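Subject: Structure handover

Hello,

Here is the structure I promised you. Please look it over, then read my notes below.

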Amino acid sequence: MHKPIIALDFSSEEETLAFLQQFGGEPLYVKVGMELFYQTGPCLIAALKEMGHDIFLDLKLHDIPHTVGRAMKGLARLGVDMVNVHAAGGSDMMKAALAGLEAGTPAGKKRPAILAVTQLTSTSETQMQKEQGILKPLRESVLDYAVLAYDAGLDGVVCSAFEAPDITARLGGAFLKVVPGIRLAGDDVSDQKRVVTPAKARELGSTAIVVGRSITKAPDPYEAYLKVKQQWGNE
Ligand SMILES: O=C(O)c1cc(=O)[nH]c(=O)n1[C@@H]1O[C@H](COP(=O)(O)O)[C@@H](O)[C@H]1O
């Protein structure tokens, strides 16, 4: 089982490094998303690697296949461990993303795992149906996107824990289910709609969890991390 992935949703390198100092040098699995990457770029990725952290670079690419393929080729050179695209970009785009990653991964290095974001955990079924015009149940939409990603050769999906059992049943346990929308009991869910605790995520068969504000906004982030880790069941 993977360590909980901490979402470093900060706007500067200083803030990020001050946050990480509270972890006393413990090697972590961190997620760098668009807020931080757009401010700090590849330099911070290099610094995080130097500190021994595993990195999920969450830029959720969604564009024409040629553009996404070329972008992934560049991202592969950063030496991150995991990247993602939006499944809604389609099968050709996902295949181009994978081919770009393979082409960009330096010889002798491991290709980053690539995930497809299905339905964002901030989306409810009502919103999906009204705003995206997808009239099936949300669970079905997530499963359909997961099958599309699997057929395109991707390593897994980002989904909520609620859809994890269907995906495992259909595509097997090795296909990754990386699950955000995690809260410790009593924490503010904020903009998230499909939310579970770390323990529930494990019970539903998630491969990994992504945790942001339940850790980053906690009065004692390290203590919150230990609580998440304990509930999740450490590696
Ligand atoms: O791809 C993601 O990481 C992602 C997909 C998704 O469906 N929902 C989702 O919340 N995320 C990310 O996971 C993190 C969740 O943050 P918190 O809600 O603060 O725990 C954020 O960095 C989001 O960008």
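This is a predicted model: local features need pLDDT of at least 70, side-chain atom pairs count only at pLDDT 80 or more; totals for chains, interfaces and linings use all residues.

Start at glutamate 50, which sits in helix H2 (residues 34-50). Helices (H or I, at least four residues) and strands (E, at least two) are DSSP runs, numbered from the N terminus. Glutamate 50 is exposed because it has 8 other C-beta atoms within 10 Å. On burial terms: a residue is buried if 20 or more other C-beta atoms lie within 10 Å of its own, exposed if 12 or fewer, and partly exposed in between, with C-beta atoms placed from the backbone.

Residues are numbered from 1 along each chain as its sequence is written.

Annotation

UniProt (unreviewed entry) places "domain: Orotidine 5'-phosphate decarboxylase" at residues 3-228. UniProt positions are in the numbering used here, feature names are shortened, and annotations may be inferred rather than shown by experiment. The span 3-228 is 44% helix and 16% strand. Its end C-alpha atoms lie 10 Å apart.

The unreviewed UniProt entry also carries an "active site" annotation, on Asp58, Lys60 and Asp63. Here is each in turn.

- Aspartate 58 is in strand E3. It is buried, because 25 C-beta neighbours fall inside 10 Å. Leaving aside neighbours within four places in sequence, aspartate 58 is in contact with Lys31, Val32, Gly33 and Asn84. Contact means C-beta atoms, placed from the backbone, within 7 Å.
- Lysine 60 also lies in strand E3. It counts as partly exposed because it has 16 C-beta neighbours inside 10 Å. Its phi is positive, about 45 degrees, although it is not a glycine.
- Aspartate 63 is in the loop between E3 and H3. It is partly exposed, with 16 other C-beta atoms within 10 Å. Beyond four places in sequence, aspartate 63 is in contact with Val68 and Gly89.

Most residues other than glycine have a negative phi. Serine 190 is another residue with a positive value, near 55 degrees. Serine 190 is in the loop between strand E7 (176-179) and helix H8 (198-203). It is exposed, with 11 other C-beta atoms within 10 Å.

Ligand shell

There are 19 residues around the ligand. Ala7, Leu120, Pro180, Gly212 and Arg213 come nearest. A residue is near if its C-beta atom, placed from the backbone, lies within 6 Å of the molecule. By class, the shell has eight nonpolar, seven polar and four charged residues. Here Ala, Val, Leu, Ile, Met, Phe, Trp, Tyr, Cys and Pro count as nonpolar, Asp, Glu, Lys and Arg as charged, and the others, Gly among them, as polar.

Helix H4 (residues 91-104) has 14 residues. It reaches 20 Å from first C-alpha to last, close to the 20 Å expected at 1.5 Å a residue. That expected span is 1.5 Å times one less than the number of residues. The buried residues of H4 include Met93, Met94, Ala97 and Leu101. The buried residues pack against E3, helix H3 (65-76), strand E4 (82-86), strand E5 (113-117) and helix H6 (138-151).

The largest nonpolar core has 66 residues. Such a core is a set of buried Ala, Val, Leu, Ile, Met, Phe, Trp, Tyr and Cys residues joined through C-beta atoms within 7 Å. Met94, Ala97, Ala116 and Val179 touch the most other members. Outside four places in sequence, alanine 116 is in contact with residues including Asn84, Met94, Tyr145 and Val157.

Cysteine 159

Cysteine 159 is in the loop between strand E6 (156-158) and helix H7 (164-171). It is buried because 31 C-beta neighbours lie inside 10 Å. Not counting residues up to four places away, cysteine 159 touches Thr118, Val142, Ala146, Ala164, Ile167, Lys177 and Val179. The C-alpha atoms of cysteine 159 and proline 180 are separated by 7.2 Å.

Best wishes

Terms used. Two residues are in contact if their C-beta atoms, placed from the backbone, lie within 7 Å.
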